[in-house]
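Visitor: I am new to this structure and would like to know the grounds for what is said about it.
Guide: Then ask as we go.

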Amino acid sequence: MSAWQRDETPLTGDDGSLDIFGFLREDGRHHTAQVTSEGAAWLASAAAYPRSTLSLWEARPNSPGVLPCGSVFDVVNVPAMFGRRMLDRLWEKGPGSGPVAAHRGRMLLFAAPGTAQRLPSLLDWEEWGGAMPPVLCHGTGDAVTVPAIGAAGPGAAPAARWVVAPDTRHPWLPGPEVLLWACVRAVRAASASAVRISIFPPADQDAKVYDVSRRR
């Protein structure tokens, strides 16, 4: 655990309200979209040959990789806007998230192994099926493209990027019940916003920062 993760600075705004993003913005110290060496080691542990995978990434740090699911992590794959709503719920009202990547208009939420098998049945049980976008679950036998571990060059617009990058060898990963909770609340948030009329322009979606110190 890095020093900033141990900081006990209270996450409150100027008015005393909870500000879970302020801590990461402070002094520009924290970069949740940058993979650490510990995070890279965790990702590589999912590969059949972790050392070879790390060596390849070291040689080509700006190239995306492909990793199998099912042993170290599963992945829940949702449309980008719906994924942003899920992350808002997870970070503002829930326990936070594990690593999250954006790839070709989709959001990839890394989850505990077994989630891909359990989550679809939980979603079927809910009564929001008509309002729920397609949720793809990748588990044993599947593989996903992960963003490069290195930062993109100036002016580059990578097809895949980290939203919440892995930064430890043992990241907390949400299970099916937590992601079901986030899915249902994201649907409710979308339903509520559909009936609101606002005179203000939408906020810059790319400006969202997540406080990884809250991850369990």
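Visitor: Which residues is His103 in contact with, leaving aside its neighbours within four places in sequence?
Guide: The model is a predicted one, and in it His103 is in contact with Leu108, Thr145, Ala159 and Ala160. Contact here means heavy atoms within 4.5 Å. His103 itself belongs to strand 3, residues 100-103.

Visitor: Why does His103 count as buried?
Guide: Its relative accessibility is 18%. Buried means under 20%, so at 18% His103 counts as buried.

Visitor: What makes a set of residues a nonpolar core?
Guide: The residues must be buried, of nonpolar kinds such as Leu and Met, and joined through side-chain atoms within 4.5 Å. The largest nonpolar core has 26 residues, and Met86 and Leu109 have the most contacts inside it. Two or more residues come from each of strand 2 (74-79), helix 5 (80-92), strand 3, strand 4 (106-111), helix 6 (115-125), strand 7 (160-164) and helix 7 (176-194). Helix 7 gives the most, seven residues. Apart from this core lies another, of 23 residues, including Trp57 and Phe110.

Visitor: Which residues does Leu109 contact beyond its neighbours within four places in sequence?
Guide: Leu109 is in contact with Asp74, Val75, Val76, Val78, Met86, Leu87, Leu90, Pro99, Val100 and Leu179.

Visitor: How do you know that strand 2 and strand 4 pair?
Guide: Pairing needs at least two bridges between the strands. Six bridges join strand 2 to strand 4, and the two run antiparallel, so they pair. Opposite Arg106 in strand 4 stands Pro79.

Visitor: What is the order of the strands in the open sheet?
Guide: The five strands follow the order 5-2-4-3-7, with antiparallel pairing.

Visitor: Why is one side of strand 5 and of strand 7 left without a neighbour in the sheet?
Guide: Strand 5 (136-138) and strand 7 stand at the edges, and each has a single partner strand, so one side of each has no neighbour there. From one strand to the next, the twist averages 25°.

How values were computed: Residues are numbered from 1 along each chain as its sequence is written. This is a predicted model: local features need pLDDT of at least 70, side-chain atom pairs count only at pLDDT 80 or more; totals for chains, interfaces and linings use all residues. Side-chain values use heavy atoms; hydrogens and water are left out. Helices (H or I, at least four residues) and strands (E, at least two) are DSSP runs, numbered from the N terminus. Buried means under 20% relative accessible area, exposed over 50%, partly exposed in between (1.4 Å probe, protein chains only). Axes are lines fitted to C-alpha atoms, for helices over the stretch in contact, and angles run from 0 to 180 degrees between N-to-C directions.
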